[in-house]
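Please read it alongside the sequence and the coordinates.

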Amino acid sequence: MYTLPIEVLLKRVGLEPRHAEQIKQIEHLMTPLAHETALGFYDYLGRDPRARALLWSEPGRVERLYGAFEDWFRSMFAGTYDEDYAEKRWRVGIMHARFGVTTSSLIPAIGFVHSLAMEHLMSVLRPAELPAALEALTKVLALETTLMAESYEVATAMGLGAGVDWKKAPQRGAEMILAEAASRLTFVRGR
Ligand code: HEM
């Protein structure tokens, strides 16, 4: 993995242990929302013609992604933000770079999840409980955005290093990273 150490990232976004504890406290309110959020999320993406063309170009893709998105959503509220978490999220970013999804599509999509989650918290929490919960949610989503951005920075640098032009660089770089990871896996399995 090529990302910065998790301690550096947590410090950068200001995600402290008290925020992680706060997230654990709202986990039971948020995880039942995973499926509904996935439905809303792919409906939102489907309204963008480019996202629609990409996502619906392969039969069964969106149906498969519902489950992947739900896992992503639930694990966000598990309150554990360690190296393993960062690596998984980083890989999700690389997958998006590999499919040519741009950061200018990803960041508003994270904003969409943020809005849905906030709306829900505002409807279920008492006013006195809201500020701490919303602050923790914002920190976690800042971490998500940072990890996505990091994936793209590394993928772009690798693509540029391979001589690809800047528009295609993230995609090419992501392909190289995934190919390298796959060859390492083959090596380990073959031993
Ligand atoms: C909050 C933002 C987003 C989240 C949390 C999210 C979540 C995910 C997850 C968890 C995966 C599976 C990754 C894997 O297989 O390792 C995935 C794949 C994918 N996502 Fe997203 N996504 C987001 C935004 C977008 C946007 C804006 C697009 C634009 C069209 C998009 C298109 C795709 C595509 C094409 C794949 C790969 C499909 C495949 O494996 O066949 N995603 N997404």
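## Ligand shell

The shell around the ligand is made up of 16 nonpolar, two polar and two charged residues, where Ala, Val, Leu, Ile, Met, Phe, Trp, Tyr, Cys and Pro count as nonpolar, Asp, Glu, Lys and Arg as charged, and the others, Gly among them, as polar. The ligand is surrounded by 20 residues, of which Ala51, Ala68, Phe99, Ser105 and Ala109 are the closest; a residue is near the ligand if its C-beta atom, placed from the backbone, lies within 6 Å of it. Two or more residues of this shell come from each of helix H4 (49-55), helix H5 (61-76), H6 and helix H7 (103-124).

## Basis of the model

The model is predicted, with local features requiring pLDDT of at least 70 and side-chain atom pairs counting only at pLDDT 80 or more, while totals for chains, interfaces and linings use all residues. Residues are numbered from 1 along each chain as its sequence is written. Helices are DSSP runs (H or I, at least four residues), numbered from the N terminus.

## Helix H8 and its partners

H8 has 32 residues, and its first and last C-alpha atoms are 46 Å apart, close to the 46 Å expected at 1.5 Å a residue, the expected span being 1.5 Å times one less than the number of residues. After H8 comes glycine 163, with a positive phi near 85°.

Helix H6 (residues 83-98) packs on helix H8 (residues 130-161) at an angle of about 55°, with the axes 8 Å apart; axes are lines fitted to C-alpha atoms over the stretch in contact, and angles run from 0 to 180 degrees between N-to-C directions. That makes H6 oblique to H8, since angles under 35 degrees count as roughly parallel, over 145 as roughly antiparallel, 65 to 115 as roughly perpendicular and the rest as oblique. The crossing of H6 and H8 is right-handed, meaning that the near helix is turned clockwise from the far one by less than a right angle. On the H6 side the contact (C-beta atoms, placed from the backbone, within 7 Å) includes Arg89 and Trp90, and on the H8 side Glu144 and Met148. The residues of this contact are eight nonpolar, two polar and three charged.

The axes of H7 and H8 come within 11 Å and cross at roughly 165°, and the two helices are therefore roughly antiparallel to each other. This crossing, too, is right-handed. Among the residues that meet are His114 and Met118 in H7, and Glu144, Met148 and Tyr152 in H8. The contact of H7 with H8 has 15 nonpolar, three polar and one charged residues.

## Helices H3 and H5

Helix H3 (residues 34-46) packs against H5 at about 125°, with their axes 9 Å apart, and H3 and H5 are therefore oblique to each other. Their crossing is right-handed. The residues that meet include His35 and Phe41 in H3, and Glu70 and Arg74 in H5; by class the contact has nine nonpolar, two polar and two charged residues.

Technical notes
Contact = placed C-beta atoms within 7 Å.
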